[in-house]
Amino acid sequence: MKLIRLLARSIREYKKNAILTPVYVSLEVVVDTLIPFTMTYLLKCFQGEGPLDLTPIFIYGGIIVALAFVALLLGALSGMQCAIASSGFARNLRKDMFYRIQTYSFNNLDKFSNASLITRMTTDVSFVQQAFMMIIRIAVRSPLVLIFAVIMSVIIGGPMALIYVGIIPFMAALLIIIFANASKHFKKLFKKYDKLNNVVEENISGMRVVKSNVQEAYETEKFNETSQDIYKIFSKAQGIVVLTSPVMQLSMYTCITLIFYFGAHAILGEGILDLEELSALITYAMQVLMSLMMLSMIFVQTVIAKSSAERICEVLTETPDIVNPENAVASVADGSIDFDGVSFKYDVKAELNSLSDIDLHIKSGETIGVIGSTGSGKTTFVQLIPRLYDVTEGTLKVGGVKVSDYDIKALRSSVAMVLQKNVLFSGTVKENLLWGKEDATDEDIARALKISESSEFIEKIGGLEAHVEQAGANLSGGQRQRLCIARAIIGNPKILIMDDSTSAVDMATDMNIRKAFKDFMPDTTKIIIAQRVASVASCDRIVVMDGGRINGVGTHDELMENNVIYREVFESQNNKGGDFDVVTN
Amino acid sequence: MSLRTEKLKSKSRPMPMMAKDPMKTLGRLLRYIFVRYWFIFIVVFVCILLSSFASVQASSMISDITSAIDTQLKVRLDGGTVDYSEIMKIILTMIAIFAVGTVALFAYNRLMVKIAQGVLRDIRQDMFGKMQSFPVRYFDTHTFGETMSHFTNDTDALEQLISNSIPQIFNSTMTIIFCLVSMFVMSWQLTLVVLVTVFAMFFAIKGIGGKSARYFSAQQRSYALFDGYIQEMLQGQKVVKVFCYEENNEKAFDKVNDEYCHNLTQAHKYANIFMPVMANLTYVQYGVIAIVGAVMVATGTLQLTENVISGTQQTALGVIVAFLALSRTFTRPINMVSQQFNSIVLALAGAERIFELMDTEPETDNGNVTLVTGKYVGGVFKEGDGDYYWKVPTENGCSYVKTEGDIKLENVNFSYDGVKPILKNVNVYANVGQKVALIGKTGAGKTTISNLINRFYDIDDGVIYYDGIDIKNIRKKDLRKTLGVVLQEVNLFTASVKDNIRYGNPAATDEEVYAAARLAQADDFIRRLPEGYDTIITGNGANLSQGQRQLISIARVAVADPPVMILDEATSSIDTRTEELVQKGMDNLMKGRTVFVIAHRLSTIKNSDCIMVMSEGMIIERGNHEELMAKKGVYYNLNSSK
């Protein structure tokens with residue numbers, strides 16, 4: 001119920017259409033049921049001796065045609081309203097989800113994989129939409145048809161309608177048994193499908209490994225086994241499902257036969273029934289059975305949609321854990337950063353902290369290098385500064401104010417960050433740069449490009465209007481990184497954080513960028529995470545991270561003197577030479 | 001049932017395309033089915049015949065029984081006694097026909113499941129099996145999503161086609177034919193009336209169908225746009241957060257979402273009005289038939305005949321009632337098939353893609369030199385336990401060459417596309433047990449060399465010798481068995497750690513697995529995993545660190561124990577400190593083997609016997625570390641640039 005209430009909130013402006021649909025449908029059903037009824041009067045005219053009287057036939061025939069057209073119109077109207085209501089509902093669902101996702105913090109985002117969010121916004125929404133469409137249209141129609149048809153049958157046939165009383169529960173019971181049994185198998189089937197897809201996935205992406213190890217036959221065997229399992233389960237499941245049409249057929253044939261048998265006696269014996277009424281009864285019988293069939297289909301659809309609905313609701317109910325505080329501070333005074341006893345873990349339930357006891361005070365305008373092996377907590381450490389995650393313990397201040405007291409937008413536009421996994425978006429170079437500052441002037445852009453050493457290559461690829469493909473696929477790794485830096489500095493932030501952002505840029509350019517930072521952005525606090533000692537050696541201070549703690553802080557010379565890890569890293573890189581890709585780029 | 005896992009969905013999004021030649025594909029598909037299941041297929045066909053015959057008879061029986069009752073009614077009116085025997089006879093015939101129809105329906109439905117699922121299984125296995133024989137070039141030129149979608153989207157569509165559409169088309173065609181015959185027998189004039197109304201309905205279908213098809217493809221297009229948009233944006237969601245770009249994003253989203261919604265609404269509108277329009281046109285048809293029938297009765301143009309099967313004399317009322325029922329039976333299958341038209345065309349496009357995949361040229365292998373184990377006993381080679389030997393067929397019998405791992409590339413030229421040369425006149429000599437390093441920046445052609453040695457690609461010009469044998473003459477499977485490859489990208493399979501390690505040598509004992517892991521320095525961390533060597537690896541080792549995954553892949557090569565190893569950027573995605581750990585594992589493994597080390601990081605290769613510096617497809621410097629340093633060339637500059 002909660003599920004439905006939550007989803008129903010997304011109907012909004014389409015409520016009118018969602019209500020009109022069943023109204024039209026109901027009217028259509030009323031008109032539709034009148035047709036076989038009128039038909040009995042029409043057929044009556046054919047009976048009896050003597051020449052046919054055409055006038056009533058024309059009248060009744062005309063009425064039927066007219067009714068049919070009215071029903072057609074109503075049906076078409078309901079179909080259209082239904083389309084508007086259901087597509088609109090789906091649109092709002094997608095919109096609500098997307099807007100919700102926009103409010104997610106990094107922590108919220110980490111809970112959902114991209115692929116799963118996409119499935120929820122596409123496949124799941126369309127399942128729910130299907131179900132919605134069925135519910136407002138067919139779920140209204142079928143019971144109505146059923147009821148009207150039964151009523152009409154009682155009116156026409158009297159006790160003959162008892163035949164339905166026998167058939168309906170029989171058929172309903174059979175259908176329930178069929179679907180209950182089948183769904184059991186289908187559940188198993190879904191798991192097997194996942195397994196099959198997994199085998200294919202691993203095989204395609206690991207094809208070189210498969211071929212190098214000459215394991216093609218083994219892979220095929222593995223696949224065939226799963227494929228055979230699917231065959232078995234699917235055949236079983238489907239074998240049960242296909243019983244519906246013989247069951248349906250059997251019920252219908254039984255109905256017809258019984259109606260004829262009892263009908264013949266009723267007409268010829270007691271004379272309580274007309275021959276024409278007999279044919280109307282058959283039409284109604286078919287309507288009854290068809291609507292039963294439809295109802296069972298809706299049942300199945302709704303069951304499928306239920307798990308989709310649950311997945312959608314997960315997205316809608318996920319509460320963003322980083323929100324704007326009341327009376328938020330609207331501007332950042334300067335680029336000073338103060339960590340006081342900061343600890344952090346990604347999951348409250350996690351045993352170990354990802355960061356422990358961080359105490360560090362950075363003056364505005366300082367350049368700080370951060371170095372450490374993978375998993376030492378470098379990225380986590382810097383992501384706390386623009387409040388991408390909230391600290392678990394301790395306080396973190398930027399410009400003398402706790403980060404959690406700032407207006408998030410104000411804080412983040414002052415703290416620019418170049419993420420390690422950075423992304424450019426499809427569009428022009430300029431469009432990408434404007435992400436950093438919407439109203440950037442041409443001078444702003446030129447300056448940012450200059451500092452990031454991008455002017456030259458941007459010129460080469462066709463200037464600011466040059467097209468950037470999705471994820472910047474048409475640029476080299478180094479070009480992408482430089483453009484990402486330009487995007488980050490265009491708003492002239494108070495703090496600039498670069499998370500391993502020049503790894504694909506060659507040494508000389510890297511050095512030029514660092515120098516430009518110093519010359520053009522002297523007041524900006526710069527934090528540079530790097531793998532290469534050379535990239536951080538010239539920083540005012542260097543922080544060495546290890547196991548989520550600060551292992552040492554100091555200048556290059558100080559650390560060479562008294563920090564073991566720093567020295568080790570330096571030696572591992574320097575004694576054995578450089579990196580070919582980087583140097584010759 | 002459309003079955004997709006969450007993961008796959010995002011990766012596999014081929015643009016919906018129409019089949020190039022749907023009829024040819026349909027024909028091929030039917031042949032594919034018929035060849036395998038011809039017996040069941042024929043039984044199904046007969047059952048469909050019986051079932052549609054029964055359903056048509058159901059309608060014309062209505063005429064018979066109505067006529068019979070009508071006749072008896074007149075008898076009663078005339079004061080005679082009612083004779084039920086005629087009516088009972090018809091009812092019994094009806095029961096018999098219905099019974100046959102239901103049994104036939106049941107039978108063909110069940111059998112069709114067998115065929116459909118069987119065919120799907122065969123097609124899947126066929127596809128997968130064929131895919132194993134594809135050259136690596138195929139996987140390099142097709143995206144993962146593209147290949148994957150053949151197993152997901154295309155197969156799903158095909159399933160629909162085989163299990164629903166094909167039997168339905170058969171059934172419908174049969175029903176239409178039977179119906180037409182029955183109607184003609186009863187009254188050709190009324191049949192004409194039915195045909196005219198059906199013709200009118202056809203126009204309605206065409207009108208609605210045409211529009212719906214247009215919106216259907218418009219909807220597909222805007223879906224692709226929508227999907228692409230959220231794909232890109234969600235990918236960059238963290239960047240969005242960092243730049244506070246949420247609002248702009250919402251605006252842009254609304255645009256694609258609204259566009260999608262618009263087309264979706266239109267497509268659904270037409271799909272939704274289809275049903276009521278058709279159903280009610282059938283009623284219009286009713287009215288028209290009744291009126292025309294009446295006129296014909298009045299003018300005496302309606303000729304009443306006997307039913308061919310039951311021999312019942314028909315009355316006007318009976319014929320009209322029967323026609324009403326028959327016209328419905330006649331129109332329904334036409335509606336059903338036309339409603340499915342879109343999905344049939346889509347499914348055929350899927351089938352076409354599947355067949356295209358199956359038609360892909362497999363890797364060719366003309367090698368006749370095979371790998372055997374055995375030893376020389378008194379100057380005569382005996383196959384059996386022992387060392388690896390190449391068995392080289394000669395004019396009279398064969399000779400045996402010990403597999404040692406001496407590799408020579410002589411004047412090798414290669415290009416992936418036949419246009420842009422990647423390797424130019426490359427010569428590499430790796431003697432048994434030597435460590436040869438290839439170094440150079442990305443795109444210099446280093447990895448290409450490893451692709452050529454294990455014959456993932458074939459060289460354009462020149463020769464590659466393995467123990468003096470041209471590798472073109474060695475059976476690929478055997479050649480690859482003797483080459484161990486460690487790639488930068490580690491691919492682990494969903495299986496236990498143990499099974500992952502013995503991947504290249506499934507016959508390896510547990511002891512051998514442990515030994516290999518120890519050699520690769522992986523034993524330690526593996527034993528600390530929750531279930532040690534029996535821990536199941538999932539998601540390509542998502543819960544292992546990059547270094548750990550690489551160690552497992554090194555252990556994998558250790559178990560296979562090949563004479564030649566290729567380390568292709570094996571440590572380049574690992575940071576320098578972790579690299580040292582992995583390096584130890586690799587050093588252990590390299591002992592006594594010919595090793596090719598491909599790297600762009602100098603630390604990896606310093607102790608090689610021979611270092612070749614590559615640039616733009618050529619080897620520009622060669623020698624060991626000291627020699628190259630003394631040369632003061634490119635290599636020297638690299639080392640001293642710090």
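1. In this predicted model, strand β1 (residues 370-377) of chain B is joined to β2(B) by four bridges, and the two strands run antiparallel.

2. The pairing of β1 and β2 belongs to an open sheet of four strands in chain B, whose order is β2-β1-β3-β4 and whose pairing is antiparallel. At the edges stand β2 (380-383) and β4 (397-402) of chain B, and because each has a single partner strand, one side of each is left without a neighbour in the sheet. From one strand to the next, the twist averages 55 degrees.

3. Chain A, for its part, is assigned domain 1 (2-317) and domain 2 (337-576). The centres of domain 1 of chain A and domain 2 of chain A, again taken over C-alpha atoms, lie 56 Å apart.

4. A helix pair in chain A deserves a separate point. Two packed helices are described by the angle between their axes and the distance between the axes. Helix α6 (residues 162-205) of chain A packs with helix α8 (residues 216-241) of chain A at an angle of about 160 degrees, and their axes are 9 Å apart. Angles over 145 degrees count as roughly antiparallel, and α6(A) and α8(A) are therefore roughly antiparallel to each other. The crossing in which α6(A) passes α8(A) is left-handed. Sorted by class, the residues in the contact of α6(A) with α8(A) are 14 nonpolar, five polar and seven charged.

5. Which residue counts describe the contact between chain A and chain B? On one side there are 130 residues of chain A, and these are in contact with 128 residues of chain B. Helix α3 (residues 54-103) of chain A supplies the largest share of the side of chain A that touches chain B, namely 28 residues. By class, the residues on that side of chain A divide into 66 nonpolar, 47 polar and 17 charged.

Notes:
Residues numbered from 1 in each chain as written. Chains lettered and ligands numbered in written order. Predicted model: local features only at pLDDT ≥ 70, side-chain atom pairs only at ≥ 80, totals over all residues. Contact = placed C-beta atoms within 7 Å. Nonpolar A, V, L, I, M, F, W, Y, C, P; charged D, E, K, R; others polar. Pairing = 2+ DSSP bridges. Axes fitted to C-alpha atoms, helices over the stretch in contact; angles between N-to-C directions. Parallel < 35°, antiparallel > 145°, perpendicular 65-115°, else oblique. Left-handed = near helix turned anticlockwise from the far one by under 90°. Domains from an automatic or database assignment.
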